[in-house]
Amino acid sequence: MLRDREMESLLLDYYGDLLTNHQKQILDEYFNEDLSMNEIAENLSISKSAVQDLIKRSLVQLKNYEKALKMIEHDRKIKEILQEMQDD
């Protein structure tokens with residue numbers, strides 16, 4: 001089972017292109033560049049609470065995309081089937 005942060009990063013990989021450039025930039029800096037919310041806020045000259053709120057809202061949006069499209073779930077099932085075929 002994936003940890004929350006790993007799952008959130010995976011959601012960004014699958015559905016990040018559906019976000020605005022601003023959302024995508026902040027999430028990329030947070031998950032992929034491992035910057036803190038304070039560092040992101042300083043870099044963009046916005047408040048830490050604005051960064052925190054944007055991350056929270058964007059993650060909700062990404063989770064809703066997965067609920068509707070189920071791309072991650074489908075990919076996992078395919079990988080399981082392929083693994084079973086290799087094992088046989």
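**Entry 1: Leu54**

I count as a helix a DSSP run of H or I that is at least four residues long, and helices are numbered from the N terminus. With that in hand, I looked up Leu54 and found Leu54 in helix H4. I note at once that this is a predicted model.

Is Leu54 buried or exposed? Its relative accessibility is 9%. Buried means under 20%, so Leu54 counts as buried.

Next I asked what Leu54 touches, leaving out residues up to four places away in sequence. I found His22, Gln23 and Ile26. I also checked Leu54 against Glu42, which is 12 residues away along the chain. Their C-alpha atoms are separated by 15 Å.

**Entry 2: H2 against H4**

Two packed helices are described by the angle between their axes and the distance between the axes. I looked up both values for helix H2 (residues 21–32) and helix H4 (residues 48–69). The axes come within 10 Å. They cross at roughly 100°. Angles of 65 to 115 degrees count as roughly perpendicular, and H2 and H4 are therefore roughly perpendicular to each other.

Which residues make the contact? From H2 I listed His22, Gln23, Ile26, Leu27, Tyr30 and Phe31. From H4 I listed Val51, Leu54, Ile55, Ser58, Leu59, Gln61 and Leu62.

I then looked up Lys56, which also has its place in helix H4. Lys56 is exposed, at a relative accessible area of 60%.

**Entry 3: Ala41**

I moved to helix H3, where Ala41 lies. Ala41 has a relative accessible area of 5% and is buried. Which residues does Ala41 touch, not counting those up to four places away in sequence? I noted Ile46, Ser47, Lys48 and Val51. For Val51 I also took the C-alpha separation from Ala41, and it is 6.2 Å. The two are 10 residues apart along the chain.

**Entry 4: salt bridges**

Side chains of opposite charge can pair when their charged atoms come close. How many salt bridges does the whole structure hold? My search of it gave 5. I wrote down some of them.

Arg5 and Asp34 meet through their side chains in a salt bridge, at 3.4 Å from N to O. Arg5 lies in helix H1 (residues 4–15), and Asp34 lies in the loop between H2 and helix H3 (37–44), so the pair ties together parts that are 29 residues apart in sequence. Arg5 is partly exposed, with a relative accessible area of 35%. Asp34 counts as exposed, at 59% relative accessibility.

Glu6 and Arg3 also meet in a salt bridge, 3.3 Å from N to O. I looked up how open each partner is. Glu6 counts as partly exposed, at 34%. Arg3 is exposed, at 58%.

Lys24 forms a salt bridge with Asp17. The closest N and O atoms are 2.3 Å apart. Lys24 counts as partly exposed, at 32% relative accessibility. Asp17 counts as exposed, at 66%.

**Entry 5: positive phi**

I checked backbone angles in two loops. In the loop between H3 and H4 I found Ser45. Phi of Ser45 is near 55°, a positive value in a residue other than glycine. Ser45 is exposed, with a relative accessible area of 67%.

In the loop between H4 and H5 I found Lys70. What is phi there? For Lys70 it is near 55°, and Lys70 is likewise not a glycine. Lys70 is partly exposed, with a relative accessible area of 34%.

**Entry 6: a nonpolar patch**

Last, I looked at the surface for nonpolar side chains. Which residues form a nonpolar patch there? I found Ile78, Ile81, Leu82 and Met85. Together they have about 410 Å² of accessible area.

I followed up one of them, Met85. Its place is in helix H5 (residues 71–87). The relative accessible area of Met85 is 56%. Exposed means over 50%, so Met85 is exposed.

Conventions. Residues are numbered from 1 along each chain as its sequence is written. This is a predicted model: local features need pLDDT of at least 70, side-chain atom pairs count only at pLDDT 80 or more; totals for chains, interfaces and linings use all residues. Side-chain values use heavy atoms; hydrogens and water are left out. Patches are made of residues with over 30% relative accessible area and no salt bridge: like charges are joined within 9 Å, nonpolar side chains (Val, Leu, Ile, Met, Phe, Trp, Tyr) within 5 Å. Accessible areas come from the Shrake-Rupley method with a 1.4 Å probe; for residues, only the protein chains shown count as cover. A salt bridge is a side-chain nitrogen of Lys or Arg within 4 Å of a carboxyl oxygen of Asp or Glu. Buried means under 20% relative accessible area, exposed over 50%, partly exposed in between (1.4 Å probe, protein chains only). Axes are lines fitted to C-alpha atoms, for helices over the stretch in contact, and angles run from 0 to 180 degrees between N-to-C directions. Angles under 35 degrees count as roughly parallel, over 145 as roughly antiparallel, 65 to 115 as roughly perpendicular and the rest as oblique. Contact means heavy atoms within 4.5 Å.
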